[in-house]
Amino acid sequence: MPVTSTTPLSWYADVAGVLAPSGDSNSDAVIASLPDKGAVPAWIQQEIQTQMEAKGFMFAQGPTRYQVVGAMVLGDGEASAKTQAVFRLFPSLEGTSDAEHPKGTLLLGIWDSETKQGVWRSALQTFAEPHAPDDAKRQRLSQLVSEVLSELQPARS
C-alpha cells in the first residue's frame, strides 16, 4: 500500500450511517436502538481515526490525496446491497435479520483521490444487539472497528 506514516490521510466525508433499509417504516425504532439515539456515525468515525493513529497513520485537517471512506448499515435490504456494491464488497452472514437481531455492516476503505482507485478496504458484518445497554454497544462497536482494521498493517516510515 502506498500509504505510510508520513502520508497524510483525511476523511472523504463523514462516516455514512445508513440507519435502515429503504422502505423500512420502523426507522425511528432503529435509530433508538443505537447508542446516543443515532450519534454512532460521528462516534465510530472518531474511533476509527483513533485506532488508525495508534497504528501509525496520520490524519490532516484538509483534503488529502489518500482519503478514508466509511459507512455503516443497520439492517438488510436495498440500502445494504447498494452500500456494499459501492465498496465492491459483498460480506454475507448466514441467516436473516429480524427485529431482535438486525444485521449490521461496517465498511471501511482508503482510496486515492487522484487515480480514483481504492488502495485498501475491509468490511465486517455481524448481528446487532439493539437492546444491549449503550456502554455495551460502544464496547462492541470498538471491538468491531479493531476487527475491521486488523488486516491493515501498521504504517511504515
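Ser 122 sits in strand 6 (residues 117-127). Strands (E, at least two residues) are DSSP runs, numbered from the N terminus. This is a predicted model: local features need pLDDT of at least 70, side-chain atom pairs count only at pLDDT 80 or more, and totals for chains, interfaces and linings use all residues. Residues are numbered from 1 along each chain as its sequence is written, and side-chain values use heavy atoms, with hydrogens and water left out.

Ser 122 has a relative accessible area of 12%, so Ser 122 is buried. Buried means under 20% relative accessible area, exposed over 50%, and partly exposed in between (1.4 Å probe, protein chains only). A polar atom of the Ser 122 side chain lies 3.1 Å from the backbone oxygen of Val 148.

Now the rings. The whole structure holds two aromatic pairs. Rings of Phe, Tyr and Trp (its six-membered ring) pair if their centres lie within 6.5 Å; planes under 30 degrees apart count as stacked, over 60 as edge-to-face and the rest as tilted.

Trp 11 and Phe 59 have ring centres 6.0 Å apart and planes at 25°, so this pair is stacked. Trp 11 is in strand 1 (residues 8-11) and Phe 59 in strand 3 (residues 58-59), 48 residues apart, so the pair links distant parts of the chain. Both residues, Trp 11 and Phe 59, are buried.

Tyr 12 and Trp 111 have ring centres 5.5 Å apart and planes at 85°, so this pair is edge-to-face. Tyr 12 is exposed at 51% relative accessible area, whereas Trp 111 is buried at 19%.

Conventions
Helix = DSSP H or I, 4+ residues; strand = E, 2+ residues; numbered from the N terminus. Polar contact = N/O pair within 3.5 Å; in protein donor to acceptor, adjacent residues only side chain to side chain.
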